[in-house]
Amino acid sequence: MPDWFYRTISRPILFSLPAPRARDFAPGFMGTLSRLPLGPSLIDFLGHMRADPRLRQPHLDITFPTAIGIGPWLDTNAIAVHALARFGVGFIELGPVTLDRNVAARPIKRVADQEAVWMDDDPDSMSIVDCNRRLRDVSDVAVPVIVRLKCPGTKSVAEIEQESRHLIRELAAGVRLVSLEIPERDWTADEWTSYLREVLAEAGSTRRSLLLVIAADHDLERAWPLIDIALREGCGGLIVDGSMHATAEGRLVGLTVREVALQQVTAIRERCGADIFIIASGGVHEPEHALALHAAGADLVEVDTGLIYTGPGLPKRINDCLLFEVMRDAPKAAPPRVPELTWFWTAL
């Protein structure tokens with residue numbers, strides 16, 4: 001769908017609906033379209049958004065078609081995965097996924113004046129059973145899929161460990177990347193180390209890489225000991241989640257988070273150096289926002305509310321800017337050799 005059509009026709013219709021209904025309707029429509037016989041071809045024809053091969057990124061023994069992906073807050077029920085994979089992105093993160101489905105106590109709200117979405121502190125989630133049912137053909141998805149797992153911090157360390165291992169073990173076989181939110185509790189170094197070793201062992205036995213999720217407004221002074229242990233124990237990298245506390249009961253995802261996410265990525269890159277793998281999100285609504293996160297140290301960048309407020313052509317526009325940078329930095333090719341003006345060419 002061209003952005004001009006989305007902004008003038010589709011977005012006003014979607015914004016006239018309550019935010020929960022709009023969130024369910026848009027992915028549901030795209031998911032249905034992608035399952036029709038000619039649906040995928042129609043999506044490709046309308047968008048022409050496939051990433052240029054020169055934008056491929058190798059990380060964690062996986063090739064990402066481009067550095068731009070889709071974050072977990074857009075398609076929370078994983079019903080439009082095949083459609084979104086055709087939006088010119090390099091990966092898709094889904095979730096959060098919990099042992100049992102969670103329904104938020106307070107529904108999401110659209111905060112249009114801030115180009116953001118408000119969500120409950122304990123947001124909607126998919127159960128592991130629903131996730132696997134919707135990802136049973138994940139190997140057919142054109143881009144890598146990351147599944148975000150969440151365990152409540154109210155349980156004991158042993159219960160959190162058992163639940164985390166169960167979620168990793170039971171995930172659909174084609175999922176090679178797992179992201180894990182840090183359960184909110186006061187961890188001792190020994191508890192955290194023991195927990196991570198068990199979780200990483202489970203991930204290794206199922207041939208999955210584990211990424212640790214850090215919120216954009218997470219207090220890094222408190223998080224550093226956990227991050228250092230995670231990287232030392234073999235965690236594949238970090239995901240800076242583009243959300244921040246907004247009220248006593250909820251968080252904001254959207255343009256408001258952009259500066260906070262930039263600062264978080266910069267601090268992590270400066271502390272951890274060049275070797276750590278970082279995926280970041282937070283208010284990416286224009287190509288320059290993605291380039292800024294990339295320049296701050298993010299290897300890959302996620303978009304979420306940018307597709308809601310800007311339009312589905314955002315990944316293509318970001319890819320165009322990334323390709324411009326690739327071509328600008330590439331070694332200049334030698335000019336073609338002009339043939340000598342021999343008697344043959346002169347006569348011709």
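Biologist: Going by its relative accessibility, is Ala230 buried or exposed?
Modeller: This is a predicted model, in which local features need pLDDT of at least 70 and side-chain atom pairs count only at pLDDT 80 or more, while totals for chains, interfaces and linings use all residues. Residues are numbered from 1 along each chain as its sequence is written, and side-chain values use heavy atoms, leaving out hydrogens and water. On a scale where buried means under 20% relative accessible area, exposed over 50% and partly exposed in between (1.4 Å probe, protein chains only), Ala230 has 0% relative accessibility and therefore counts as buried.

Biologist: Which residues does Ala230 touch, not counting those up to four places away in sequence?
Modeller: Ala230 has its place in helix H8, residues 220-233 (helices are DSSP runs of H or I, at least four residues, numbered from the N terminus). Its C-alpha atom lies 6.9 Å from that of Leu196, which is 34 residues away along the chain. With contact meaning heavy atoms within 4.5 Å, the residues touched by Ala230 are Trp192, Leu196, Leu212 and Cys235.

Biologist: What is the orientation of H8 to H9?
Modeller: H8 packs with helix H9, residues 258-272, at an angle of about 50°, and their axes are 12 Å apart (axes are lines fitted to C-alpha atoms over the stretch in contact, and angles run from 0 to 180 degrees between N-to-C directions). Since angles under 35 degrees count as roughly parallel, over 145 as roughly antiparallel and 65 to 115 as roughly perpendicular, with the rest oblique, the orientation of H8 to H9 is oblique.

Biologist: Which residues of H8 and H9 make the contact?
Modeller: On the H8 side, the contact is made by Leu220, Trp224, Asp228 and Leu231. On the H9 side, the residues are Gln264, Ala267, Ile268, Arg271 and Cys272.

Biologist: What is the relative accessible area of Asn319?
Modeller: Asn319 is found in helix H12, residues 314-329, and, leaving aside residues up to four places away in sequence, touches Met49, Ala51, Leu55, Thr66, Ile68 and Gly88. Asn319 is buried, because its relative accessible area is 4%.

Key:
Helices (H or I, at least four residues) and strands (E, at least two) are DSSP runs, numbered from the N terminus.
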